[in-house]
Amino acid sequence: MLNDDALGLILHKIKCRKDKASFSEVCKQWLRVRRLNRRSLRVFQTIPLRELTRFPNLVDFRTWKLTARRKKKNKQAWYYPRGDTRLNLIAKACPDLKTLMIGYDDKEQVHDDGLLGPKGLHALANGCPKLSMLVLCGRKVVGNPAVDALCHSAHNLKALCLQNVKLISDQALGAIGSSSIRTLELVSCDNVTDVGLGFLATSKTLKKLVIDGCRKITETGLVLLRNMCSLEHLALSWSRLTDAGVMAISEIRTLKELRLCPIDRLDLSDRTMVALAENCSRLETLDLHSCRVTGAGIRAFSGHKCLKFLSVMYRSSVNFDQSDVERLALGCPSLKCVVLDESLERSFESMHENAKSIMKFLFFSNILPPFSTGFWSTSP
């Protein structure tokens, strides 16, 4: 009979997930080896406590049902108990955890300050010292005190994603701004305002910032971001962008990637495009969705030394032509790809061959594409 070490070596040679599942069905020993060697686990139902302890070597755990619902004493309504006990268990059962995602069903009732409290996240941070990526989804999954406790306890946390969290406000961003977090995604966090962006602007470690659908953020907050000293990737989606706000963003000289997708059509002035080209000398990716630019704005990047990818996805009539894009393609040696709406393809048929080779025409989409190097890619 093969021992556990030999079976583990065999398991590592198996790449197909279905074959790995079949491996665990051979016998109890093979099932145990599969669990001991498992690095990633995704569940959509509540896991019994005893089950989680069977996966001690997990580095990636994602769940939408952290706690089971219970009935109140009057037995008239259901509620979700605080998830701190579960977080404490995760910390003890999976000390090597690096990536954790927790979702919450918005239809159920929880404590006023969120499903996950300060004690639970503090225990998680201490019990999982390697934790570097955390995703929290749900209207009431977490509140300001818990985020503050997390930022002060999780010293190796590098990426934090908050999706549709309504309990956090500028206070949470103040804690994040003073932490060592390098990547922050804020998606539909309606209580985050310009004041919170001012706190983030003081961060010396934040390199990637995604703001998607945060309705209370205005041009005033974007102006504050120009003080950031280490930001390299910025995405603003479904935000109230203005030309003046983008002009302020152009003062972030460390930018390598900028993606804009405003709620309404945005007319970017030639002055703003020139500022982006001159100030952001390290810019490699510029993605403009629903942003109208002119030929002079396109030509502003013709002498840029780092730009590799330019996308101008605008559905209505455009204020530039084939000669503007041709001049850009021939004058920017680092440029590898220019993406335009597919409706313009016929207008660019007679381009110079060197310029035509880097052109792509795609269907217009209102969804902002992800960063060129996705931070939340799924693990095998």
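This is a predicted model: local features need pLDDT of at least 70, side-chain atom pairs count only at pLDDT 80 or more; totals for chains, interfaces and linings use all residues.
**Entry 1: R253**

R253 comes out exposed, because its relative accessible area is 51% and the cut-off for exposed is over 50%. I then looked up where R253 sits: the loop between α11 (243-249) and β11 (257-262). Next I asked which residues R253 is in contact with, leaving aside its neighbours within four places in sequence. I found N279 and R282.

**Entry 2: aromatic rings**

How many aromatic pairs does the structure hold? I found one. F348 and F361 form it, and I noted a tilted arrangement with 6.0 Å centre to centre and 50° between the planes. F348 belongs to the loop between β16 (337-341) and α15 (353-356), while F361 is in strand β17 (residues 359-362), so the pair ties together parts 13 residues apart in sequence. I looked up burial for F348 too: its relative accessible area is 4%, so I logged F348 as buried, the cut-off being under 20%.

**Entry 3: two helices**

My last stop was helix α7 (residues 144-153) against helix α8 (residues 170-177). Their axes are 8 Å apart and the packing angle is about 5°. Angles under 35 degrees count as roughly parallel, so I wrote down α7 and α8 as roughly parallel to each other. On the α7 side, I listed N144, V147, D148 and C151 as making the contact; on the α8 side, Q171, A172, A175 and I176. Sorted by class, the contact of α7 with α8 has five nonpolar residues, two polar and one charged.

Note on methods
Residues are numbered from 1 along each chain as its sequence is written. Side-chain values use heavy atoms; hydrogens and water are left out. Helices (H or I, at least four residues) and strands (E, at least two) are DSSP runs, numbered from the N terminus. Buried means under 20% relative accessible area, exposed over 50%, partly exposed in between (1.4 Å probe, protein chains only). Contact means heavy atoms within 4.5 Å. Rings of Phe, Tyr and Trp (its six-membered ring) pair if their centres lie within 6.5 Å; planes under 30 degrees apart count as stacked, over 60 as edge-to-face and the rest as tilted. Axes are lines fitted to C-alpha atoms, for helices over the stretch in contact, and angles run from 0 to 180 degrees between N-to-C directions. Angles under 35 degrees count as roughly parallel, over 145 as roughly antiparallel, 65 to 115 as roughly perpendicular and the rest as oblique. Ala, Val, Leu, Ile, Met, Phe, Trp, Tyr, Cys and Pro count as nonpolar, Asp, Glu, Lys and Arg as charged, and the others, Gly among them, as polar.
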